[in-house]
Each structure stands twice: as C-alpha cells, then as structure tokens.
Amino acid sequence: MNRRTVAVVVLLALVGALGAAAVVTYRSVLRPSGADDGLLVVAVLGSDVGVPHRPGDPLRGRADAIHLVAVDGGTRRATVVDIPRDAVVAGTKVNAHLADGGPEALVAELEAFTGLTVDHWVLTTFRGFERLTRAIGGVDVQVDVPMHDPSSGSDFEPGRRVVRGATALAFARDRHSLPDGDFGRTRHQGDLLLALHRRLVADATDLDTMVALAAAVARTTVTDIPPGDLLALALHAATIDPADVAHVSLSGQVDTVDGASVVWLTPGDTFRRIADGQVGPPRR
Amino acid sequence: MATHTSHTRAEHRRPPRGWDTEPVVSGRRHRPLVVALLAGAALVVVAGLVVLLTPDIPGTRGPRAPAPAPVVAPPRPFTVDLVVTDVATMDNDRLFGGTPAGTGPGVVRAAARSVERVIARYLTAAFVTPASRFSARPVRALVSDVGAVPRRELRGLGVLEVTDQRVDAGPVDATARVVTRDGAVAMVAVRYDARARLADRTDAEVRQRASLVFTPQRGGWRATAVDATLTVPDALVPEDRR
C-alpha cells in the first residue's frame, strides 16, 4: 500500500469516526417475568412409547429418562439431578409409575421420595427428542469413551462433537458401551440437558430464535406448562449462566429383585440441600 | 436701371402671411409642455426614492396586511408492510402419531395485518405525532405491563422526552414468524428496521431496529418481549441523556 493510499484510508477513517460520533444509541430489552424468586422444580421425562419406535400412548409408557431440574429464580442457579430408571421408588421401579398412572402419578411418587414440590413436568419420546435436537441445530457433547453399539446406533470416537437427531438419540440410549452401564446412560442424558441449556443461552440474544425454540419444544413434548408460559420460562432459563448449573447423577446399589435389575438409590443429602435452597455448583 | 429691395432682420423673423401661427409640440415651439411633463416625472422619481430610503417611523404608517402563513404539510405517518417469513406450529399431534390440524392462511394473514397496524401506530405515535412523539405514551400502548419500568430503560423505544422536533416517517422493513396453536395464532415474532428523518436536517436520521414478540391479549395484540435499539443524532438529545 503506497503513502497516498494510506493517507486516503486514514482520512476516511477520521471522517467515519467524526460521523459516528454524531449519534447516540439506546437499547431497551424487556422480558416477561418467567419465574418468581423461589424454587422451581421441573421433572423432565423420556417415554419409551411413541411412534414410530413403539406405537402407543407416550403418557403410558415406561419412563426411561427421569431428571429433576431445580432452578432458584432469585440466585439464578440450577441443579440437574439424574435418577436411574431402575431406582426403586414406592416399592417398584420408578419408571413403571408412568405406565401405571401417567406423568401426574410419577410426579407424585417423586415428590414423596424427594421431599420436593415438583411444579411442572415435561415428557418427550424418541421421535420428539430427535426432532427437537434437529430443530435447534444440534448440541455439543463430550464423548469420553468409544461408543459403538448396534442396538442404540451409537458410533462415536472420544472427543467433543455435535449430535442431532438420530446421533443425539443414540448418545442418549447407549449403555452397552459405557463402563458404568445404565448409570452412564442416565448421566449422558443429563449431559444432553445441560447441552440444551447451553444452546438456549447462546440463542437468547435473538428473540426470534427463542420463539422458534419455544415452538419446537412445544411440538416435540407434552407438558403441563401453559403454552403461553413456555417462552417466558425459556427466556428465564437463558439468563442462567451454564457455569451456575450443577449436575448430580444419582447412583446406588445394583440388585436383582424377582429377576429384574433394580437400584437402591443413595441420594445422600442431594434433595435436602435443594429444598434448603442450596442449588447450583458449590460456591468457591 | 436695376432695382433691388433691402429688408431688416425683424422682417425676416415674421412668418409670411397666410401661414398658420398656432403653437404645436415640436421643436422650440412646444417647450413649455415638455418642460412641465419632465418636471413631473422627476418629482415622482425623487418621491419614490425618498420613500424607499427613509426608515419606517413608528406611528407614521398605517397597519400592513399579515403575510400569508406558509403551507406546512401534516406529518406523514409510518406505513408497515409485514412480510411473514415462517409459520411454525406448537401442536404436538405427531408425538401421538397424528397430524396437526393446522391453522388457516386467512387466520395467519389476519393476525399479521393486526400486528402490522399496531407497529405502524406505535412508530407514528412514538416519532411523528407532535402530541406524543418521544414520550412514554406510545410505549404503554405497545408493550404490556410496562408501567413499572424506569423511563431510562425505555429509551430504545423512543422515550427521550424531547420536544419541538419534527420527524418525517421513512421506510420500514419488517418480517414476522407466526406461531400457531390449536387453529389460532399464539405468537407473532417481528423484526423491523424503521427509519425517519429530522425535518430540518436532511442528513440527520432516526433509526430503530427492533425484535418484538406479540401475543393476543384482551384489547388486542401487545408486545410481551422487546429488544429495541434506537439511534438518534446527538443534537436531538440533551447532554444529560446521552
């Protein structure tokens, strides 16, 4: 670049800077209030019934994914608790309560077991989960061990990767590739929930994208959250820093009862701490 | 013997007999009239110069008719043509093996037109209409439950509280995503870019880029979520509000 060109560029930059200094910019961001300052607990459920994998009423399938998401609206911190599907709750496997009495029955047993009040439930199916992850453009997850399982369709090498649709479902369903079997699978499902939240936070700067996301959640799930509140809750969830979300994967003693594999959960003080408002990662 | 006759000068100046001796305007003969006319003209010119060059003395001249006021066109309102770019459903029938019933295109169009009118009314009231521009009133009609929000947080929506600044509406580019549920429109997410000009400065632009979500409420469509950026010439705004 010769000296004359440099001079022209500098002159243009000065003129531009002078022009830019002649305006003032204001921004207004208004959001509906999505939650009060108290504790909000949502049960996130995955049913093993639903077209095309297993035709039937998804609300009367077995809950193969059970997670409690506790959000403290005041501190904007959250905890995701993974509950193994074989955990014994109220004398039977917890996932059977969905088949017995639907989401409300399962939620009632979870409340009795945890001592928490569950405010809402959200249920999806295999197809719903595939479509949701496709609609949002995928989520990124960490694959810790090689996952190659024909029954779930997983085919991943270790490392960070984006999964969506069938690959997201395979990541959520594979337990055979994991050294801790069903506990590992449940933990991976929780990882996916955290990844969904990270995606929400990344998209939250654009209202239009958030509306599209709320619509995608609505059409790929069944929930008792009023449709008019979905966007507000999503916007509220997006204000939570992913670093302020704790992930607790419950485990316990594996046993066999009447030929069926069960888990005697050892939740420790997890639920008591949440009820006491100790939500989110330990404070430094 | 030759005979000759001699005459005196006076005799040479006398007109010969039989000639007409009445005065006519020409030559030396009509001087008095011409002189009078020239003198009158000179008098008129001098009098006119005196009037022009003498300043008005109060009380010495009569009232003048008021000059007609210049005709000022009323401010032009904003017009919005909302382009629907996507229609998404919240219906979850497919989870149960069914197909969503869908929402009729007429219903979608009607909702889009309603929201379009709300936006046009807001922009016009917020930036053009003299009685309301740059005040909080248009925002209260646009956004639900905005009463408790501090005014400084509404500046992006035009609440600058400056007066005496005429603004002329300009073009608006607007698109919408319409979300349906159970055969009705549940939400309309709008993005728009609206421009206007300060009337006394053709190079000074007021520009608002906004993203809003409208939902149907009692009384009509109102925004329940807003993200608006307003850019104005700094000369428009007092120092303490920049």
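A cavity is a set of grid points where a 1.4 Å probe fits but cannot get out. In this predicted model, one cavity of 30 Å³ or more is present, and the largest cavity has a volume of about 40 Å³. Its lining is made up of B:Phe78, B:Leu123, B:Phe127, B:Ala194, B:Arg195, B:Ala196, B:Val206, B:Arg207 and B:Gln208. Three elements of chain B, namely helix 3 (105-127), strand 3 (184-198) and strand 4 (205-217), each contribute at least two residues to this lining. By residue class, the lining of the largest cavity comprises six nonpolar residues, one polar residue and two charged residues.

The contact between the two chains was examined next. Chain B contributes 41 residues to the contact, and chain A contributes 39 residues. The size of an interface is often given as the accessible area lost when the parts come together. Between chain B and chain A, the buried area is about 3200 Å², with 60% of this area given by carbon and sulfur atoms. Four salt bridges are counted between chain B and chain A. A salt bridge links B:Arg191 with A:Asp208, and the closest N and O atoms of this pair lie 3.2 Å apart.

Attention then turned to the strands of chain A. Strands of a sheet pair through backbone hydrogen bonds, either parallel or antiparallel. In chain A, six strands form an open sheet with mixed pairing, in the order 12-7-2-3-4-13. Strand 12 (222-223) and strand 13 (245-249) of chain A each have a single partner strand and stand at the edges, so one side of each is left without a neighbour in the sheet. Within chain A, strand 2 (residues 39-47) pairs with strand 3 (residues 63-72) in the antiparallel sense, and nine bridges connect them. In this pairing, A:Val44 is placed opposite A:His67 of strand 3 of chain A.

A further antiparallel pair in chain A consists of strand 14 (residues 252-257) and strand 15 (residues 260-265), which are joined by six bridges. Here A:Val254 stands opposite A:Val263, a residue of strand 15 of chain A. Strand 14 and strand 15 of chain A form a hairpin with two residues between the strands. In this hairpin, A:Asp258 adopts a positive phi near 50 degrees.

Technical notes
Residues numbered from 1 in each chain as written. Chains lettered and ligands numbered in written order. Predicted model: local features only at pLDDT ≥ 70, side-chain atom pairs only at ≥ 80, totals over all residues. Heavy atoms only, no water. 1 Å grid on protein atoms, 1.4 Å probe; cavity = no way out; pocket = protein on both sides within 12 Å on 5 of 7 lines; lining within 4 Å. Points joined across faces, edges and corners; volume = space filled by probe spheres on them. Helix = DSSP H or I, 4+ residues; strand = E, 2+ residues; numbered from the N terminus. Nonpolar A, V, L, I, M, F, W, Y, C, P; charged D, E, K, R; others polar. Pairing = 2+ DSSP bridges. Contact = heavy atoms within 4.5 Å. Buried area = accessible area lost by both parts, 1.4 Å probe. Salt bridge = Lys/Arg side-chain N within 4 Å of Asp/Glu carboxyl O.
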